Amino acid sequence: MDRSTWNIPGPAYDLAVVGAGHAGIEAALAGARMGMRTVLLTMSLQTIGQMSCNPAIGGLGKGHLVRELDALGGEMARCIDRTGIQFRLLNRSKGAAVWSPRAQADKQLYAQEMTIRLMDQEGLDLRQGMVVDIEVRGGQIAAVVLGNGTRIPCRTLVLCNGTFLNGMIHVGRQQEQSGRAGEPPAVGLSQALAREGVEVRRFKTGTPPRVDRASIDFSALEEQPGDEVPQPFRYYENLVSLPQQSCWLAWTDESCHDLLRGSLDLSPMYSGQIESEGPRYCPSIEDKVVRFADKGKHQIFLEPESLTSREMYVNGFSTSMPEEVQWAALRTVPGFEEVRLTRPGYAIEYDYFPSWQINHRLQSTRFPNLFLAGQINGTSGYEEAASQGFLAAANARAYLNREPEGFQIRRDQGYLGVMIDDLVSKDCLEPYRMFTSRAEFRLLLRQDNADERLMTLGKGLGTLEQWRYEEMLKRKKQKEELRSLLLSTRCRPAELGFASKSTEKQELAKLLKRPEATLREMLCSWKGSDFVDSYSPETLLQIEFDLKYEGYVQRQEEALRQFARNEDSPIPEGIDFLGIETLSTESRQRLDQIRPANFGQASRISGVRPADLTALWIHVQKANRSNDTA
């Protein structure tokens, strides 16, 4: 029988999404919510939304991504609020720009909640099967092919395969083809894309062992509770309801380090068995004791995985050592003397597609209706993947609607824009992870103001609920009115409880800039608690941040205006970079490979020097003058 005739019934899907991890979930939900007939393909309907590594959402920089995704109408924030078992706002000792929310998840409930949301979504079909091939017609992908030969026609395709593409797990010298522990790898799709001219490379990541809670002596550990009042990720709706749990801190010592150093010949990282690059910012425990030999101890975070499981995640102890070495090393840690492993840690190598092969719309430069999201772009982390999945679906819709600019978020609009621009403009020599330090305008891109920055875009896409958009407008108006009041009202410092010899009246906004001042306390002294309670705590904090950091914000806004002037200067689409002799050879090659749309993007490409940007600017201006004359 001719397998090419095995079609699913009905017309082609508007959007096919491959992979039901964090990227695939957001892509599928966003596609269906935007009105596209969507199918989500996964090798197992029982493993949707699995947390393969750390059972947590958010963290430094990553929390910003989740809140921005929520402002656009994504699902991750809602799900973690419903299933979170510990919430913490990180970096409180530093400036508000780098405050980052983080929450431990009940990983079993998280996966269940995401599965229910997918099943309940109108316009979305779920289908179990391994995609092993693609069908190309007229320079576009016309269908995906499952392992049993079934064709699924599609008008656009988003690939979100995570670590499953030709995945290989390493535990000591043992190797196993697997996309995740206990699950088969995805075989065939990488080869199909390579056949069509897509470059494929390998990355590595790893995970620590899980241990039995009942085997830990918690009296030797330091308890780390969550915030007394959990702050939800989702804007304008508090869904946090589960009992909150503590995490615990422990430390390795030299006996652990000596054991690991003496076993390096058994490590696939050091024996040459693994050759691909892993995340530098999240090294294995054996890598830590080698790279940081001067440190006498390393911190371990013991984190609960579920309210209904005794398994705990040993954060900070990622390893690919043999299981017996993992067990022996952990037993040297105070509190872990009788530890029992429930699962060993492992390293995993997998295929990814270098991100110079996509543009700022996450669109393949090889196939215009193919979009890539998540770890196959060279990123790491649930939050980075989920954000890319949403943006990929938004751009798939834009492609079908013939919108040439697609759906893009600039670096000055959000961490989402920073991430995508970094992926496209820079070489990812290791798995990419979001940090607050990557954003030039982080005073403007705080985690608390993503609603004002991005909800209008979510409303335009049709993914954001109308009531949340209206709530944003209401709070924005409240904020403007209160800010105006603070700028126009004058009081003596003593009237608001400040210790001051001055009897001169000052603007409330100026008094708020005192280090000891908080807006809530000032307003309580001036107007009373009933007036204060008419504003949400988030609104009061936003105004306080804006006024306290006003001078810094103004300087950053001016830098932003300068950035925008350079950022928006276009580079002609068909320019022959290789033919510009005034550019260095490396710059010509990198510019030709990435083909930036403007000078802002060109300035962030690795290997393009400032002198080359000047030469490129002169070349473009001469070309423009010649065209004007002609």
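The axes of helix α2 (residues 62-72) and helix α12 (residues 450-461) come within 7 Å and cross at roughly 40°. The angle makes α2 oblique to α12, a word for angles that are not under 35 degrees (roughly parallel), over 145 (roughly antiparallel) or 65 to 115 (roughly perpendicular). This is a predicted model, in which local features need pLDDT of at least 70 and side-chain atom pairs count only at pLDDT 80 or more. Residues are numbered from 1 along each chain, and side-chain values use heavy atoms, without hydrogens and water.

On the α2 side, R67, E68, A71 and L72 meet residues of α12, including A450, D451 and R453; contact means heavy atoms within 4.5 Å. The residues of this contact divide into six nonpolar, one polar and four charged. Here Ala, Val, Leu, Ile, Met, Phe, Trp, Tyr, Cys and Pro count as nonpolar, Asp, Glu, Lys and Arg as charged, and the others, Gly among them, as polar.

Helix α4 (residues 107-120) has 14 residues and, at 1.5 Å a residue, should span 20 Å. The expected span is 1.5 Å times one less than the number of residues. The end C-alpha atoms of α4 are 20 Å apart, which agrees. Among the buried residues of α4 are Y110, A111, M114 and L118, buried being under 20% relative accessible area, exposed over 50%, and partly exposed in between.

Two loop residues have a positive phi without being glycine. Y236, with phi near 70°, is in the loop between β14 and β15 and counts as buried because its relative accessibility is 16%. R402, with phi of about 60°, is in the loop between α10 and α11 and counts as exposed because its relative accessibility is 74%.

Terms used: Helices (H or I, at least four residues) and strands (E, at least two) are DSSP runs, numbered from the N terminus. Buried means under 20% relative accessible area, exposed over 50%, partly exposed in between (1.4 Å probe, protein chains only). Axes are lines fitted to C-alpha atoms, for helices over the stretch in contact, and angles run from 0 to 180 degrees between N-to-C directions.
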